[in-house]
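Please read them with the sequence and the coordinates open beside you.

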Amino acid sequence: MKKDGCPYCHSEGIEKFGRLAFETELSMIIAFKDQSHKGRMIVAYKKDHVAELGDLTREERIKFMDDVIACANAIKAAYHPDRINYGTFSDSLGHLHVHLVPKYKDGFEWNVPFQMNTGAVAPDSELEELIENIKKNFSYQK
């Protein structure tokens, strides 16, 4: 069931913080507008309004996490970060989604938790380039 007011349930709300890059069977892959960490993406569950991984069936969990890993691998291939931080917050929104935040050694927020929004909103052209780079490198490996 979709929830009124949830941007992940009604994708038109995504434009406030990101741009829909593409979709898989279970996920929306979203370019986060704040690109203080070059390559930052969100993978959001799209079928229903669910709060946590434990709300999914085992098969759905596996497929959703495959999407998360495929997106992380696409970020690694396109931007070569030293680490990727995974954030699954959602205290107030309550919709299952994972922030993929590339970190670069000795770069912004290296060795500290990442901020949700730093104000570093990328121009549309940069988001389009990001989306193309992620699409080009997104694949299910291993």
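1. In general, side chains of opposite charge can pair when their charged atoms come close. This is a predicted model, in which local features need pLDDT of at least 70 and side-chain atom pairs count only at pLDDT 80 or more, whereas totals for chains, interfaces and linings use all residues. Residues are numbered from 1 along each chain as its sequence is written, and side-chain values use heavy atoms, with hydrogens and water left out.

2. The bridge at Arg19. Arg19 pairs with Asp124, with 2.8 Å between the closest N and O atoms. The two partners are 105 residues apart and link distant parts of the chain, Arg19 being in strand E1 and Asp124 in helix H2; helices (H or I, at least four residues) and strands (E, at least two) are DSSP runs numbered from the N terminus. Arg19, Asp124 and Glu128 are linked in a network of salt bridges. Is Arg19 buried or exposed? Its relative accessible area is 14%, so Arg19 counts as buried, where buried means under 20% relative accessible area, exposed over 50% and partly exposed in between, with a 1.4 Å probe and protein chains only.

3. Bridges within the helices. In helix H1, Lys63 and Glu59 lie 4 residues apart, about one turn of the helix, and their side chains form a salt bridge at 3.3 Å, N to O. Lys63 is partly exposed at 30% relative accessibility, while Glu59 is exposed at 53%. In helix H2, Lys135 and Glu132 are 3 residues apart, again about one turn, and the salt bridge between their side chains is 3.9 Å, N to O. Both of these residues count as partly exposed, Lys135 at 39% relative accessibility and Glu132 at 45%. An α-helix has 3.6 residues a turn, so residues three or four places apart point the same way.

4. The nonpolar cores. A nonpolar core is taken here as a set of buried Ala, Val, Leu, Ile, Met, Phe, Trp, Tyr and Cys residues joined through side-chain atoms within 4.5 Å. The largest one has 28 residues, and those with the most contacts inside it are Met41, Phe64, Cys71, Leu100 and Ile134. Two or more residues each are given to this core by strands E1 (18–23), E2 (27–32), E3 (41–45) and E5 (97–103) and by helices H1 (58–79) and H2 (124–137), with H1 supplying the largest share, 8 residues. A second, separate core of 10 residues includes Tyr8, Met28, Ile30 and Phe32. In soluble globular proteins, nonpolar side chains tend to be buried together.

5. Helix H1 and Phe64. The end C-alpha atoms of H1 are 31 Å apart, which agrees with the 32 Å that its 22 residues should span at 1.5 Å a residue, the expected span being 1.5 Å times one less than the number of residues. Among the buried residues of H1 are Glu60, Phe64, Asp67, Cys71 and Tyr79. The cover over the buried residues of H1 includes E2, E3, strand E4 (83–87), E5 and H2. Leaving aside residues up to four places away in sequence, Phe64 touches Leu26, Ser27, Val43, Ala44, Tyr45, Leu53, Leu56, Leu96 and Val98, a contact being heavy atoms within 4.5 Å.

6. Backbone points to inspect. Most residues other than glycine have a negative phi, and most peptide bonds are trans. His80, which follows H1 and lies in the loop between H1 and E4, has a positive phi of about 55° although it is not a glycine. Asp106, in the loop between E5 and H2, likewise has a positive phi, of about 65°. His80 is exposed at 59% relative accessibility, and Asp106 is exposed at 72%.

7. The chain as a whole. The protein chain has 2 helices and 5 strands, which run β-β-β-α-β-β-α from the N terminus on. Buried residues make up 46% of its 142 residues.

Terms used
A salt bridge is a side-chain nitrogen of Lys or Arg within 4 Å of a carboxyl oxygen of Asp or Glu.
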